[in-house]
Amino acid sequence: MIPTVRCLAAKPSGFFKRSIDELSRVSRIAWNSEALHTPTKPYVLLDFEDASTVAGCKTMADRAVGGFSTASLDHIPADPATSSPAHARFHGSISTKLPQNWRVERTGYAAFRNQDRGFWLFGRLFWDVDPYAYLALRVKSDGRRYTVNIQTDSIIETDIHQHRLYTRHHRVQHQQQSDRDRDPFSPFTTATEESPELADKLYPQGIIPAALSDVPPESTIISASNSVTTSGAAADATGWETILLPFNAFVRTNFGLVVEPQTSILRQRVKSIGIGLTDRVEGPYDLRIHKIWATNGMSEAEIEEERRICGADALEVDEGVRTNWIGDNEPSSSGSESAPSEDQAATGSTPAAPAPASKGQNKGKGLKGLRDEWN
């Protein structure tokens, strides 16, 4: 059977279109020898400007077990008047009301993820994000405690790697909440405060992983802009922002429980990516998602779109990406220049701010400045 133009243009993509797209991508990597160095261009995973990407996702809620929470994912067209791009709107309502079923002890969750990507010429199609350090998300949040979920082709199919979706709006609200007395009805009450027994079940080691805590860890890259508006809880109260989550900070869970021993994400075979809400705070929620992609830091190729959409809240160009992790080397006392080691470019942690370099030493920039942190 010969694929026609109509077949290749169909959405969602069929077998032939998926195969051609993947072969084209792999061929570009081989032709440009991109596998020999750390990528500087983004790898788009889910682009919600395309309505077919939204249609290719599935929503989940506790209604599947008789609960009353709802979840919807809609495609919202671009609005030139507000410089808002076309995006997906994840919205609904959370309810903790229990159904008339004695087997169900806990409700109050909603989520979405992309459906399986199907097959191509060489088997099942996965995302290979192994050369990348971060998962980037451009979102417009209402400040609730969303969680980013990554599922891979692991031995235990129900394993999911999770990381809290921190935003500036979330950080501001958390700081405001920490400045006042603990309120048992506060939307930022943690599982530990809600129920010690529940905390023991969720975190068997007795320690909440940094990536799932209420305080954003230093590894999370969030815009340092202070232009965010904190009045009101609607999604429109904040602007668009881009968050970078390091892949090596995700926590392995199974049915919401932290699993030991912890294992790294199988980055070569990522099956699905999604976002969930399990804070069990009754009421509506509203999260806008523009794009999800893998990256090694904000590049000059991305900065125009980043500034156009996020405005004053845009991230800066990563210095390591800009210089291809070579940096500005100064001659050493022996007259030679030091080249970056492979482990500096391959590690997936956050580029730490470079320490002041003395004369005759390299200035750590981007991923190149990570060695001291790991040592």
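**Notebook: salt bridges and a buried threonine**

I looked up the salt bridges and found 15 in the structure; each is a side-chain nitrogen of Lys or Arg within 4 Å of a carboxyl oxygen of Asp or Glu. This is a predicted model, where local features need pLDDT of at least 70, side-chain atom pairs need 80 or more, and totals for chains, interfaces and linings use all residues. Residues are numbered from 1 along each chain as its sequence is written, and side-chain values use heavy atoms, without hydrogens or water.

I checked Arg269 next: it pairs with Asp153, with the closest N and O atoms 2.9 Å apart. Arg269 sits in the loop between strands 13 and 14 and Asp153 in the loop between strands 9 and 10, so the pair ties together parts 116 residues apart in sequence. Strands here are DSSP runs of E, at least two residues, numbered from the N terminus. Arg269 is partly exposed at 35% relative accessible area, and Asp153 is partly exposed at 31%. (Buried means under 20%, exposed over 50%, partly exposed in between, with a 1.4 Å probe and protein chains only.)

Then I noted Asp159 with Arg252, closest N and O atoms 2.7 Å apart. Asp159 is in strand 10 and Arg252 in strand 12, 93 residues apart. Both Asp159 and Arg252 are buried.

Last, I turned to Thr147, which lies in strand 9 (residues 146-152). Is Thr147 buried or exposed? I got buried, with a relative accessible area of 9%. Leaving out residues up to four places away in sequence, its contacts (heavy atoms within 4.5 Å) include His163, Leu165 and Ile275.

Conventions. Helix = DSSP H or I, 4+ residues; strand = E, 2+ residues; numbered from the N terminus.
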